[in-house]
Amino acid sequence: MATNQMRREAAKRKLERQQERRVQQDKRRKQVAVFTSVAVVVVVVVGIVLFTTLSGGEDAPAAADPASTAVTPAEIPTEAVALPVRPEPLPNPTTCTFTPDGSAAAKPVQPPAGTDVSSTGTVAVTLQTGAGAIPLTLDKALAPCTVDSFVSLAQQGYFDRSPCHRLTTDPGLQVLQCGDPTGTGQGGPGYTVPDEFFDGLTYGRGILAMANTGQPNTGGSQFFMVYGDGELPPQYTAFGSIDPAGLEVVDTIARAGHDGSLDPSPGGGAPVEPVVIETATIAG
């Protein structure tokens, strides 16, 4: 029969092995990607290695309370980053092309006309969720086509009663992803939104950005809110910011953790505390 000392030593060796494996894995995890799909399965971006959550695991009892096995962030940065600024302003007004993607929309909507789209000014949007209100400020100068589409979808009630289906908590990628009324991560509006990112674009706490499939011009309706780290390549259109009161709500959601159901790819899982956008309203 094993003694207490033997048990302690065995546990110590097991912990050391786990830490060693994690160090090796962390060396390989230098970039992460936020994925969505618009009528397609999630596509892995070449050259981007995704984080794999190590918490929980096979030893967890099958009937365990989800909250007891939730993957939670070890730390959340408290300082929001500054909103990016384009190195060169876009033409004002500008024209946007919203291309049908051949799939059925998750909810019936019409794409915007895309003509005479303003590339100056901001739009205030409030996502009312069961966890609280999340105010957003959309920046037309940063991404006029994306803002035009988002506002149009909100006005048509597309986001109403839609779940936020993905939460990530690992250092390097801390986001809440929403915008798919089906809650599967595969739903979209039936059309694509052109890319509006640029070289030098960075992400961090407080940034609102569009998800995509990893292929050019595949944004749709899914978006992510960065509440902490956002170590991503400049391949996701940033189109606004999350107000401080909204960040507090997202922080609360993040601290409750995710269920790990999307690990290892694309990473994260469904929020343990379900998050549903009850309404998305445009100020004025």
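This is a predicted model: local features need pLDDT of at least 70, side-chain atom pairs count only at pLDDT 80 or more; totals for chains, interfaces and linings use all residues.
Among the residues of H3, Gly-246, Leu-247, Val-249, Val-250, Asp-251, Ile-253 and Ala-254 are buried. The cover over these buried residues includes strands S2, S3 (132-139), S5 (166-167), S6 (173-178), S9 (223-230) and S10.

The loop between H3 (244-256) and strand S11 holds His-258, which counts as buried because its relative accessibility is 0%. A polar atom of the His-258 side chain lies 3.5 Å from the backbone nitrogen of Gly-269.

## Strand S11 and its partners

Strand S11 (residues 276-282) runs antiparallel to strand S2 (residues 122-129), and five bridges join the two; within this pairing, Gln-128 has Thr-279 of S11 as its bridge partner. S11 also pairs in the antiparallel sense with strand S4 (residues 162-163), here over two bridges, and the partner of Ser-162 in S11 is Ile-277.

## Ala-238 in strand S10

Strand S10 (residues 238-242), which is included in the cover over the buried residues of H3, contains Ala-238. With a relative accessible area of 2%, Ala-238 falls under the 20% limit and is therefore buried.

Once its neighbours within four places in sequence are left aside, Ala-238 is in contact with Leu-142, Ala-143, Leu-201, Tyr-203, Ile-207, Leu-208 and Ala-209. Between Ala-238 and Phe-198 there are 40 residues of separation in sequence, while their C-alpha atoms are 9.5 Å apart in space.

## Helix H2

Helix H2 (residues 144-155) has twelve residues, which at 1.5 Å a residue should span 16 Å, and since its end C-alpha atoms are 16 Å apart, the model agrees with that expectation. H2 is mostly covered, with ten of its twelve residues buried: Pro-144, Cys-145, Thr-146, Val-147, Ser-149, Phe-150, Val-151, Ser-152, Leu-153 and Ala-154.

Definitions and conventions: Residues are numbered from 1 along each chain as its sequence is written. Side-chain values use heavy atoms; hydrogens and water are left out. Two strands pair if DSSP finds at least two bridges between them. Helices (H or I, at least four residues) and strands (E, at least two) are DSSP runs, numbered from the N terminus. The expected span of a helix is 1.5 Å times one less than its number of residues. Buried means under 20% relative accessible area, exposed over 50%, partly exposed in between (1.4 Å probe, protein chains only). A polar contact is a pair of N or O atoms within 3.5 Å; within protein, one must be able to donate a hydrogen and the other to accept it, and residues adjacent in sequence count only if both atoms are side-chain atoms. Contact means heavy atoms within 4.5 Å.
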